[in-house]
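This briefing is for a reader who is new to the structure. Please look at the sequence and the model before reading on.

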Amino acid sequence: MTTEPSPAKSMDAIMALCKRRGIIYQASEIYGGINGFWDYGPLGAQLKKNLRDAWWEDMILRPCWGRSGPNGRPVRCVPLESRIIQHPKVWQASGHVGGFNDPMVDCKETKNRYRYDHVSVFVPASGDPGDKPLFAFMKDAPSETKQQKKAEKAFGQVKVVPLTTIPVPQFAKVLGPDAEKVGTLTEPRQFNLMFKTYIGATATEDDVAYLRPETAQGIFVQFKNVVDTTRVKVPFGIGNTGTSFRNEVTPRNFTFRSREFEQAELEFFCHPDESFEWYKFWRDFRMEWWKSLGLAGENLILREHEKDELSHYSVGTSDVEYRFPFTAPGFGELEGIAHRGCFDLTQHQTHSGDKLEYFDQDRGEPLPNGSRKGERYIPHCIEPAAGLDRGVLALLCEAYTRDESRASPEFLKLHPRLAPVKAAVFPLVNKDGMPEVAEKLHAELSARFWRQGAVEMDEKQSIGKRYARMDEAGTPYCLTIDGETLTNLTVTLRDRDTGAQQRIALDKAGDFIAGKLVS
RNA sequence: GCGGGCGUAGCUCAGUGGUAGAGCGCUACCUUGCCAAGGUAGAAGUCGAGGGUUCAAGUCCCUUCGCCCGCUCCA
């Protein structure tokens, strides 16, 4: 059985609203824009901050809303702020340099991509190949024997040379490893998925550094310092939010695949024997967390990776995925929850030479004095890694609503906790003492809620336009001062999603809003 | 990276070689007593950028940048 998915939302309409209301702008727009970069306008910057704060509150300050982990104890997490630029060796240890900094050749026929320096070629043992092709292959791959047979048939005696020794113009004569036709290999291209930069004003090749492609490595690199200086005990987590950079081949889909983006990552360290329990715990909590912010419903799924999808070191990974208008009926990743085993700490231990083991004094055989002998191990790590920009985009897509039956057909159903504007105060008409009362209420509410977002005051134009403006900005509540307010100290409170109004006491307005700002 | 579409005011768009337009929004004033009401006035675009053809280019040609879509890629 399939339920009818929610009516398709137009990405164009969402993007237009984002521009119109100052949520998201194209970066460097007056210079023609820059591919893969987006700025946040006033409303967007506050919306994103509210999401980041929600993550910080629910993951660091009071992890998992105060509930206990699988060990029956409160979950403990501490924050970290690691740098965008790390020692270049960090990225060698993590595998980011080795695997993806090499020139690649593409096969235009088979769409396969090969590492340039891994491709070999069968050529005649002596002499010129004439008009016969050169047979490229990958060592220890099916292409090796297949191509060898063809080469021997063509040339008799053959020898092997690396593709790197073949001049690029000669590629026209090369038969790709898995191709049927010759000349399908592209010239070698560098795929630098990491942004390169130079440290120091002289900027020679010796000074190369990279902008981080993920915040996670900064956490692993400081793991030992955190353990040594903060009295944390495994199991515990270290969280870090911040900007990362990836030279995506194809930035696409609004902010979804940007080259500069913000992550909110937690690395949760635990004993290997408990790691699977913690993995399941985090996977389920993260899903619940996104739901609490308004991504409930069939547009949000938790997808467990298949075995062949897993990284070589991972024993389990799940993605929280959202059905964006541009991925529908498919889904796009919002957050990955990965069981990374002890891969990262082990890598950094090897590359740095520093011991990154943890000495666990709660484990090991009991001693006569009541304590334990202790156990030394490299903790396993569970990594819930969320994309904040993708989160904002998903929340906007989910919140965007069109209802032609309303006077204000287009509005954002943002959760009050995330809404950049928490409330607005209107004098019903701009006279008869109403503006004065409105200004007083506005000042009170601003003083109370400025940490969470703006409280706006608007006395311009008709009341309907003012409601509509607030609907578009996703403001959950509007408070209107009318003639009755002046006599009995009540105001009308209008709900963004239903348009329904109720009268509440003027001095209870703040408490009402405060009650709605928690998840 | 390949292929297709698009780019004119804040937004949506009209304008097929001859004086840059409309609707909405925005600003000011008036009006207005609960859902984008009405009136008056106003601001706002070197038509994505660069080059070319032409007496004349938003319009035709070339280049380039950006956005969207489909493949490809996504450690």
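Predicted model: local features only at pLDDT ≥ 70, side-chain atom pairs only at ≥ 80, totals over all residues.

Residues are numbered from 1 along each chain as its sequence is written, chains are lettered from A and ligands numbered from 1 in the order in which they are written, and side-chain values use heavy atoms, with hydrogens and water left out.

**Surface near RNA strand B**
- A residue is near the strand if one of its heavy atoms lies within 4 Å of it.
- There are 49 residues around RNA strand B, and F254, R257, D432, S462 and R469 come nearest.
- By class, this surface has 16 nonpolar, 18 polar (Gly among them) and 15 charged residues (Asp, Glu, Lys and Arg).
- Sugar or phosphate accounts for 54% of the RNA strand B atoms within 4 Å of the protein, and bases for the rest.

**Contacts with bases**
- A polar side-chain atom of E472 is 2.9 Å from a base nitrogen of RNA strand B.
- For G483, a backbone N or O atom lies 2.5 Å from a base nitrogen of RNA strand B.
- A polar backbone atom of G499 is 2.7 Å from a base nitrogen of RNA strand B.

**Helix 12**
- Helices here are DSSP runs of H or I with at least four residues, numbered from the N terminus.
- Helix 12 gives the most to the surface near RNA strand B, with seven residues.

Terms used:
Polar contact = N/O pair within 3.5 Å; in protein donor to acceptor, adjacent residues only side chain to side chain. Helix = DSSP H or I, 4+ residues; strand = E, 2+ residues; numbered from the N terminus.
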